[in-house]
Number of protein chains: 2
Amino acid sequence: MNYAGRDSVFVIMAYDFAEERVQKALKIGRKYLKWVQNSLFEGDLTVAKFEKLKAELRSIMDEKEDSVKFYILRDKKYVEMEYLGVVKEEDVFFL
Amino acid sequence: MNYAGRDSVFVIMAYDFAEERVQKALKIGRKYLKWVQNSLFEGDLTVAKFEKLKAELRSIMDEKEDSVKFYILRDKKYVEMEYLGVVKEEDVFFL
């Protein structure tokens with residue numbers, strides 16, 4: 001699978017940042033994606049916006065200390081979601 | 001999509017637990033999945049093991065306070081992964 005030819009993708013993003021940069025990462029995450037819980041986000045993005053998101057994160061992160069992992073799906077329909085306990089994420093999301 | 005008829009699935013799991021239960025959740029997560037970073041795990045699981053994982057988490061969690069989100073894929077081939085910064089996850093994983 002490769003998303004290079006796609007206009008948009010469904011992205012799951014999780015970060016592990018040092019405490020002094022967590023707030024900045026959270027702010028960037030919320031700009032592009034829906035906050036799910038803790039340091040987890042998800043949402044549909046155009047490939048252009050996905051590239052912008054990565055550039056913004058790179059600009060604030062310490063690449064020797066901080067970590068971001070993206071799971072990229074061609075379409076949300078390929079994933080099923082399940083919850084245990086409290087659902088913290090926002091129900092409504094405007095890009 | 002529904003994984004009910006599947007033998008195995010690829011699972012991404014993220015939890016947000018109160019501090020006093022984080023270590024227990026981590027231990028359960030590692031039993032079934034590969035640790036990726038922070039409170040994030042992934043891996044292939046039989047549907048039976050996935051049910052066991054959920055039961056174990058339910059047994060230790062406070063369902064009014066803690067939160068787990070699962071992303072379930074029929075196959076790992078539907079997801080592409082990308083990293084920024086440090087990659088923390090273990091390379092090798094024995095189930």
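Is B:Arg21 buried or exposed? B:Arg21 is buried, at a relative accessible area of 13%; buried here is under 20% relative accessible area, exposed is over 50%, and partly exposed is in between, using a 1.4 Å probe and protein chains only.

Some housekeeping. This is a predicted model, where local features need pLDDT of at least 70 and side-chain atom pairs count only at pLDDT 80 or more, while totals for chains, interfaces and linings use all residues. Residues are numbered from 1 along each chain as its sequence is written, chains are lettered from A and ligands numbered from 1 in the order written, and side-chain values use heavy atoms, leaving out hydrogens and water.

On to the charges. Over all chains there are 22 salt bridges, each being a side-chain nitrogen of Lys or Arg within 4 Å of a carboxyl oxygen of Asp or Glu.

B:Arg21 has such a bridge to B:Glu65, with the closest N and O atoms 3.3 Å apart. B:Arg21 sits in helix α1 (residues 19-32) of chain B and B:Glu65 in the loop between α2 (47-60) and β4 (67-73), so the pair ties together parts 44 residues apart in sequence. Helices are DSSP runs of H or I with at least four residues, strands are E runs of at least two, and both are numbered from the N terminus. B:Glu65 is partly exposed, at 39% relative accessible area.

In chain A, a network of salt bridges links A:Glu20, A:Arg21, A:Glu65 and A:Asp66.

Next, A:Glu89 and A:Lys34: their closest N and O atoms are 2.7 Å apart in a salt bridge. A:Glu89 is in the segment after β5 (79-85), A:Lys34 in strand β2 (residues 34-37), 55 residues apart. Both are buried.

Last, B:Lys34 bridges to B:Glu42 at 3.6 Å, N to O, and both are buried.
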